[in-house]
Amino acid sequence: MSRLYWKVSISVLALALAALAYLGTVDDWGQRYTEEGLKRALITYGVARGLNGVISVAQGTEVALEPAGIGIVLAPGQILDPINDLIERFSWIMLASATSLGVQRILLNVTAWEWFTLAVAICLGLAVITLWRAHAVSNGVRRLIYRLAVVLVILRFAIPLIAILNQGFYIYF
């Protein structure tokens, strides 16, 4: 009885995953959260670069004094150099983050593409059929179908789930 229960559970899971892929709800959430993250990253990058520019101007400020006829040039803005370096490095990190989110957005579009979703559904269907008719297919072909189904499901849902988890992490922390 446990073998039948296992087959039914796997079949229901495969059908649910195929339906979830076609509904696109996870993709919509992933797309929305990726867009929000991209906006936040680009705004933060812009603010950091603007702050970097203001600090660079302040850093270049010099004061010339001539007490008792001796010329002294002080550069009090140089004390801001470590902060300026830190903000510059932070802006590069935010640029890399924005780039990563842009790539994530492209991957979301690719994995939500109707032909990719169709390939996932067909592979899941073949996996369910080979699960129930195992005697009709060789072990090598059956393993190949199962592995392909798992890989396609992971590819199909990984990027949207990462976006959703990132948003949850952002909200929580």
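Guide: Start with the core. The largest nonpolar core has 15 residues, and those with the most contacts inside it are Val120, Leu124, Ala149, Leu152, Val153 and Phe157. Helix 1, helix 4 (114-132) and helix 5 each give two or more residues to this core. Helix 4 supplies the largest share, six residues. Bear in mind that this is a predicted model: local features need pLDDT of at least 70, side-chain atom pairs count only at pLDDT 80 or more, and totals for chains, interfaces and linings use all residues. Residues are numbered from 1 along each chain as its sequence is written, and side-chain values use heavy atoms, with hydrogens and water left out.

Visitor: What makes a set of residues a nonpolar core?

Guide: The members must be buried Ala, Val, Leu, Ile, Met, Phe, Trp, Tyr or Cys residues, joined through side-chain atoms within 4.5 Å. Buried means under 20% relative accessible area; exposed means over 50%, and partly exposed is in between (1.4 Å probe, protein chains only). In soluble globular proteins, nonpolar side chains tend to be buried together.

Visitor: Which residues is Leu152 in contact with, leaving aside its neighbours within four places in sequence?

Guide: Leu152 is in contact with Phe116, Ala119, Val120 and Cys123. Contact means heavy atoms within 4.5 Å. There is also a second, separate core of five residues, including Leu38, Ala41, Met94 and Ala98.

Visitor: How do you know that the span of helix 2 agrees with its number of residues?

Guide: Helices are DSSP runs of H or I, at least four residues long, and strands are runs of E, at least two; both are numbered from the N terminus. The expected span of a helix is 1.5 Å times one less than its number of residues. Helix 2 (residues 25-59) has 35 residues, so it should span 51 Å. Its end C-alpha atoms are 50 Å apart, which agrees.

Visitor: What covers the buried residues of helix 2?

Guide: The cover includes helix 1 (2-23), helix 3 (81-111) and helix 5 (139-172). Among the buried residues of helix 2 are Val26, Asp27, Gly30, Thr34 and Leu38.

Visitor: Why is the pair Arg156 and Asp27 called a salt bridge?

Guide: A salt bridge needs a side-chain nitrogen of Lys or Arg within 4 Å of a carboxyl oxygen of Asp or Glu. The closest N and O atoms of Arg156 and Asp27 are 2.6 Å apart, so the pair qualifies. Arg156 lies in helix 5 and Asp27 in helix 2, so the pair ties together parts that are 129 residues apart in sequence.

Visitor: Why do Arg156 and Asp27 count as buried?

Guide: Arg156 has a relative accessible area of 1%, so it is buried. Asp27 has 9%, so it counts as buried too.

Visitor: How many salt bridges does the structure hold?

Guide: The structure holds two. Arg105 and Glu35 also meet in a salt bridge, at 2.5 Å from N to O. Arg105 lies in helix 3 and Glu35 in helix 2, so the pair ties together parts that are 70 residues apart in sequence. Arg105 has 35% relative accessibility, so it counts as partly exposed. Glu35, at 22%, counts as partly exposed as well.

Visitor: What makes a nonpolar patch?

Guide: Its residues have over 30% relative accessible area and no salt bridge, with nonpolar side chains (Val, Leu, Ile, Met, Phe, Trp, Tyr) joined within 5 Å; in patches of like charges, the joining limit is 9 Å. Here Tyr22, Trp113, Trp115, Leu118, Ile122, Leu126 and Ile129 form one on the surface, with about 750 Å² of accessible area together. Accessible areas come from the Shrake-Rupley method with a 1.4 Å probe, and for residues only the protein chains shown count as cover. Helix 4 gives the largest share of the patch, five residues.

Visitor: Why is Thr130 called buried?

Guide: Thr130 lies in helix 4. Its relative accessible area is 4%, so the residue is buried. Beyond residues up to four places away in sequence, Thr130 touches Val137, Arg142, Ile145 and Tyr146.

Visitor: Is Ala163 buried or exposed?

Guide: Ala163 has a relative accessible area of 3%, so it is buried. This residue of helix 5 touches Gly30, Tyr33, Thr34 and Gln104, not counting residues up to four places away in sequence.
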